[in-house]
There are 2 protein chains.
Amino acid sequence: MNFKRPIVIFIMGVSGVGKSTIGNLLSKALSLPFFDGDDFHPQKNKTKMANGQSLNDADRSEWLLSLNQLAKEQLQHNSCIIACSALKESYRNILKKDIETNVKWIFLSGSFDQISERLKQRKGHFMPATLLKSQFETLEDPLEALKIDITISPEKIIEIIVNEYTNKSEFGLIGLGVMGKSLSRNLVSKNFTLSIFNRHIQGSEEEIAINFKNEFPELVNTLPFDDLQAFVNSLQRPRKILLMVNAGKSVDAVLEDITSLLSKNDVIIDGGNSHYNDTKHRIDSLKGQHIHFIGTGISGGEEGALHGPSIMPSGNKNAYKLVQSYLETIAAKDNNGNPCCTYIGENGSGHFTKIVHNGIEYAEMQLLAEVYFILKKSGKNPDEIATVLASWVNTANSYLLEITIEILRKKDGKGWLIDSILDKSGNKGTGNWATVAIAELGIPNTMIPSALFARYISSFKNERIEMNTMYGEKKSTLEIDNDDLLKAYQLARIVNHHQGFKLLYQASNAYSWKLNLAEIARIWTNGCIIRSQLMEELTDILKENASILMSKKIIPQVKEQKPSLNIIVSKCVVGEISIPCLSDAVNFLNGYSEKNSSANLIQAQRDYFGAHTYQRIDDPSGKSYHTNWKNTNHD
Amino acid sequence: MNFKRPIVIFIMGVSGVGKSTIGNLLSKALSLPFFDGDDFHPQKNKTKMANGQSLNDADRSEWLLSLNQLAKEQLQHNSCIIACSALKESYRNILKKDIETNVKWIFLSGSFDQISERLKQRKGHFMPATLLKSQFETLEDPLEALKIDITISPEKIIEIIVNEYTNKSEFGLIGLGVMGKSLSRNLVSKNFTLSIFNRHIQGSEEEIAINFKNEFPELVNTLPFDDLQAFVNSLQRPRKILLMVNAGKSVDAVLEDITSLLSKNDVIIDGGNSHYNDTKHRIDSLKGQHIHFIGTGISGGEEGALHGPSIMPSGNKNAYKLVQSYLETIAAKDNNGNPCCTYIGENGSGHFTKIVHNGIEYAEMQLLAEVYFILKKSGKNPDEIATVLASWVNTANSYLLEITIEILRKKDGKGWLIDSILDKSGNKGTGNWATVAIAELGIPNTMIPSALFARYISSFKNERIEMNTMYGEKKSTLEIDNDDLLKAYQLARIVNHHQGFKLLYQASNAYSWKLNLAEIARIWTNGCIIRSQLMEELTDILKENASILMSKKIIPQVKEQKPSLNIIVSKCVVGEISIPCLSDAVNFLNGYSEKNSSANLIQAQRDYFGAHTYQRIDDPSGKSYHTNWKNTNHD
């Protein structure tokens, strides 16, 4: 038998459950070599067991490593079958080391009484039945395994296993939009077997899956469906299903239809931009049915999804392990070759992290829009602006900078394409959610909201035209030093990233998510829209300090760039150019480093009209004071 | 009988229900004059009725007005009792014209059969029983009346009525915090009879109501309670109860306790800063029990609550009418003597309006804090700053400006009090909710969020000190022209009000509230924290244009003030003074009047990485375009 890629089928379970019998029968059915793990025990282990002694973990380690080695050697040539009790998760971790994506588990399961009876009737086996009890105590339920009841006949068991691995797919994907299609092709390119499903809607979504399969030759072995039951039946158990449907009601609609079709330990991964509170709610509501729900942010757009996105999964950690190898394999790789995918934390923390990612992205895009506008108002045409930006690639490179340069250079029949694009920008909810989270968590993240509001202003195009008529055209003489502009841009980006990671930091504290900021920065160094040179620097900086602006590596840069930011912002203000995010950066820096701010007046006002009280600087106890302000001491 | 203030008891109901009988008995019991309305019919009406003809509304108008006149004359001296069928709401409106707060309604209610039987047995009455049917058809259930079943004996009915008006209060108030206490005193000062309730919490809230009553001599007739059942029983029906408890769980806790104690048509008014969605939910959930819920914003702080706040009630309009006279009487009065209280709209629109009020307040306070800080950084001491601000009172006066001047002049033993106040400002939720609403509704209101975030920054005092140590003290040489500063301040306030009323306008459209912006501005001209000269101007401006910046009266001011705002903001940026709201004002003005903004680049970026498509300026059809940006037309 040749699978799409070589696999190792580990047959596991307690002693006496029938691993060798099934292994030998399966070997014949699939024409694959079978190895009985017990044959690879060192003599000292065999002796111990014959003497009625349990093996300890140290005894097992050498043995398990040799089986892992055996599996690796076999995988060089072809698939194979290995029987091994593999009772603990830690044992299975040794067995699958470095070959996780090639390993399948079959768990032969029976009751103590059934197996005890079998052992009594067995001859020539060196393990006394008295050790069975300890085996049952050691056994840690393998979530990752296809569980088979040994009351089924061996012939039927073989039929089940053969059907599972020859006719079924390892992974399922629901929702063949732009992202779903790209991720499907990505999965197949990594030699995973795949089933794909898209709903059937008369007149608007018909035969999406089959047409998509037919469009791409590499999908020849992919199983396409528009029938959900058939799709679910086509998946190896425990099933792994990635949802790529619209956030909100569409996710709930799929869950409502699919839940009754699933089995214990199946995993649903929601890869859309769902709200983190919805994700938490879904995880909780599926728990009762022992179905796992992983909420994951996926960034990279169409191309990232195809060649390797950045992936931010969250939920129950053990459930995550069931899909980890798939997600890590399709993810982008960082500079060190590690996957841009890491377990983020419990509940909806992965989707929250994606919201912050998108929030940072909003502000990064807005900063580039402001830079573009400043250069445009300085009299430059798109090609000239692109030339300026291209000179920044060495010092301030990012994916967004690169595509901006390409965009500015793009021409159509009428000239630069950028000049024909309507200046009303859309948004799909994550910038809004980020802003709401910022407000609710009490975090002074100003740039994400401003970037969102800049989009909102742009959407009121008619009002802008009306205002323009009423107030007249702006002054247009703006003289900007390009080096100042670069420094201002770099510093504003630092502030944006400071605020974004602070948002993660504060949310992590508020929700007890224990987020690893440096690790999040690392998975954002490739695959995602906000990948950049700065993000690579942050992977180190965030290991030492959650507050980027307080990092010793950053402080000198900020000090050097600040005068340029001041100059650019003040020139734009006088020149009447709207630069909300650059302004926010400068105001945040000024306010955030102000030892004694003007908030004392606000506290006095609140106490005056609402008796809200205030604290005093000369009383560190934090005591509340109230003043009757009306009794002035002079008239 | 002398009531706390003279009242007119109208006894109403269909002909034959026993109005005269009850009126005469009640007259004796209360020692008050009784007038039978029928005696005041002009002869033509009597003739018509004797001929078996129904009266039409024109017939009645003259008659009802004469009864209203009678009531007014009596009220000059004392209370009285008047019997009148008053079947329609429009009739009752004539009867209570100009004396609404002095009118009580008793609705004698019986079935058609009961009354028909009575009429047959009655002698000397000029109305044939055949007209009864038309009376029943005409009758509009009086929500405002004490409804009494005529199967009860006349003696018992008199007992009920006497008890209602001699032993019970007209109005109840729950929650004796700062606002609840002031509103209680306000109600009593207007001669309303009042019951007050505060929960009992061992060790923290004990005997609050009785102690409060004993503290103020004017509360001598006020009934204090810490037992909810007794409190409810002490109120005239339909009961009118104002909740002044903390928004959120406290409101729900009171509702859970009180609902089962109430009767049909009782009204609960939530005067706290509840979320508008909670208010909608509460209105809906109480509907089933025929209990009315009015959500109202109340602004004015402690002093406003005492002498006259601005009141923003919403909910079912008919339910509002039951409490309208109370709320309008205790409200502040505008320049024309009209109450600063108006029905805002359905559902939670009143609480939403309060949220926007508070949002505007946040930004107004922040602008004053920024002005204060600029003047402080220019080397002025608090008295000198107060002197500058005092010179603005003629042109830019507002309550907040006035109290700021008082605050700055206040000294304690150590010098100016403002210098001893800790610069960490608090917030109680409404600024947050306003920001969330702004984000969710897609409205480019930038100043409220910035004012909120300025408070958030202030709360990170330790980080600010740390940053200050790392980055060093700011430059402190700032030379500002006071006239520029005044103009900048005035213009920023115009932008703030533009944004605030736009938020109301867009929410009104989104939720179909039909808000009257000019009327809302009018009730904000007195009593509330954001009352100001500008607000008075807006009451006219908003009648013509929901967009303040597009008003012909405003445009010349903006044009004149804009250069000053530009100068102030640019000087502060170079001088490294944080001025987020002034900056927002200038950026909003620049962005909102930009015919061709930089959002075309954002749309291009979104199409590049996410295939989100864009529209073209040369295709007004709104068609979506997608470009394969990678195929550049030059290398």
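Two strands pair if DSSP finds at least two bridges between them. That's the rule to keep in mind for the first view of this predicted model.

**View 1. Strand β1 of chain B and its two parallel partners.** Four bridges join β1(B), residues 8-12, to strand β3(B), residues 80-83, and the two run parallel. Look for Val8(B) here: its bridge partner in β3(B) is Cys80(B). β1(B) also runs parallel to strand β4(B), residues 103-109, with five bridges between them. In that pairing, Phe10(B) has Trp105(B) as its bridge partner.

**View 2. The two faces of β1(B).** Side chains in a regular strand alternate between the two faces of the sheet. In β1(B), one side carries Val8(B), Phe10(B) and Met12(B), the other Ile9(B) and Ile11(B), and all of these are buried. With five of its five residues buried, β1(B) is therefore largely enclosed by the rest of the structure.

**View 3. Helix α26 of chain A.** This helix covers residues 580-592, and its end C-alpha atoms sit 17 Å apart. Why does that agree with expectation? Because 13 residues at 1.5 Å a residue should span 18 Å. The helix is mostly covered too, with 13 of its 13 residues buried.

**View 4. Where chain A meets chain B.** Here 126 residues of chain A are in contact with 126 residues of chain B. About 11,900 Å² is buried between the two chains, and carbon and sulfur atoms give 61% of that area. The interface also has 59 residue pairs in polar contact and 12 salt bridges.

Conventions
Residues numbered from 1 in each chain as written. Chains lettered and ligands numbered in written order. Predicted model: local features only at pLDDT ≥ 70, side-chain atom pairs only at ≥ 80, totals over all residues. Heavy atoms only, no water. Expected span 1.5 Å × (residues − 1). Buried < 20%, exposed > 50% of the residue type's maximum accessible area, 1.4 Å probe, protein only. Contact = heavy atoms within 4.5 Å. Buried area = accessible area lost by both parts, 1.4 Å probe. Salt bridge = Lys/Arg side-chain N within 4 Å of Asp/Glu carboxyl O. Polar contact = N/O pair within 3.5 Å; in protein donor to acceptor, adjacent residues only side chain to side chain.
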